[in-house]
Amino acid sequence: MLNLSLKSLLIVILCASLRAQFRDDSISLPPVDPLTLDTIHIMKGGDSPLNIDFTLTNNKLYGLSKSIVTSVHGFGKDMTQKKSLAVKVPGAISLIGDYTVSGKVLILPIQGKGKSNITFVDSEFRVDFTGAPEERDGNIYMKLENFHWYANPKSIIFDLQNLFNGDKALGDNMNKFLNENWKEIYTEIEDSLDEQFGVVFGKIVHEDLAKYPYAQYFNE
Ligand SMILES: *[C@@H]1O[C@H](CO)[C@@H](O)[C@H](O)[C@H]1NC(C)=O
């Protein structure tokens with residue numbers, strides 16, 4: 001059986017719904033909107049049409065509280081069962097902070113350092129993971145394993161400020177080019193994002209799950 005407190009915990013932490021019916025005040029949760037992220041580093045090379053070294057620092061993700069849960073699977077007492085949570089976020093979900101980039105996008109050289117706003121429009125997200133028991137002080141906690149993150153946006157809007165040492169014309173053109181080619185770019189960085197977000201979200205969920213023994217989330 002699904003239990004509301006476990007469900008609420010995971011749903012909230014996993015950037016899902018903040019809808020009132022899933023709230024459970026007995027467990028304190030970190031705020032998820034905005035969600036502070038660790039450094040995200042994307043490095044592509046070799047045969048990829050993208051040849052970039054792209055780093056996002058001090059980034060926050062805005063908009064998660066608009067999430068609507070579309071499906072929840074596997075959140076039962078058996079922590080090792082694969083868990084899957086899908087949400088959609090109508091409108092914008094924005095990754096805002098600092099960036100540095102250098103390399104080549106498709107055919108064009110890119111270089112810059114400044115403020116960035118990367119916005120996912122009308123997205124569907126899914127996270128999958130399994131749990132593994134971890135014993136501490138005679139209690140069983142859940143450790144996250146196999147964490148994956150998938151996103152399916154309708155479009156992505158890039159706004160990288162101060163590209164090419166602040167050359168406005170070059171910068172505007174590059175942002176336009178990135179926006180026009182968002183799909184191709186996203187396809188190339190999807191795996192890295194999954195990996196990076198997996199680590200970031202995994203850590204957040206893990207820290208919170210480490211607060212209470214797993215059974216406590218059932219709170220019967
Ligand atoms: C980020 O970009 C989106 C899409 O262009 C925009 O709607 C939003 O206002 C921007 N956010 C900030 C803080 O600039």
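**Around the ligand, and beyond**

The shell around the ligand splits into three nonpolar residues, three polar ones and one charged (Ala, Val, Leu, Ile, Met, Phe, Trp, Tyr, Cys and Pro are taken as nonpolar, Asp, Glu, Lys and Arg as charged, and the others, Gly among them, as polar). The model is a predicted one, with local features needing pLDDT of at least 70 and side-chain atom pairs counting only at pLDDT 80 or more, while totals for chains, interfaces and linings use all residues. Numbering runs from 1 along each chain as its sequence is written.

The residues surrounding the ligand are A92, S94, I96, N117, T119, I157 and D159 (C-beta atom, placed from the backbone, within 6 Å of the molecule). Two or more residues of this shell come from each of strand 5 (83–105), strand 6 (108–136) and strand 8 (155–160). Strand 5 contributes the most, with three residues.

As for the overall layout, the chain has three helices and eight strands (DSSP runs, H or I of at least four residues for helices and E of at least two for strands, numbered from the N terminus). Their order along the sequence is α-β-β-β-β-β-β-β-β-α-α. Of the 220 residues in the chain, 29% are buried (20 or more other C-beta atoms within 10 Å of the residue's own, with C-beta atoms placed from the backbone).

Key
Buried ≥ 20, exposed ≤ 12 C-beta atoms within 10 Å, placed from the backbone.
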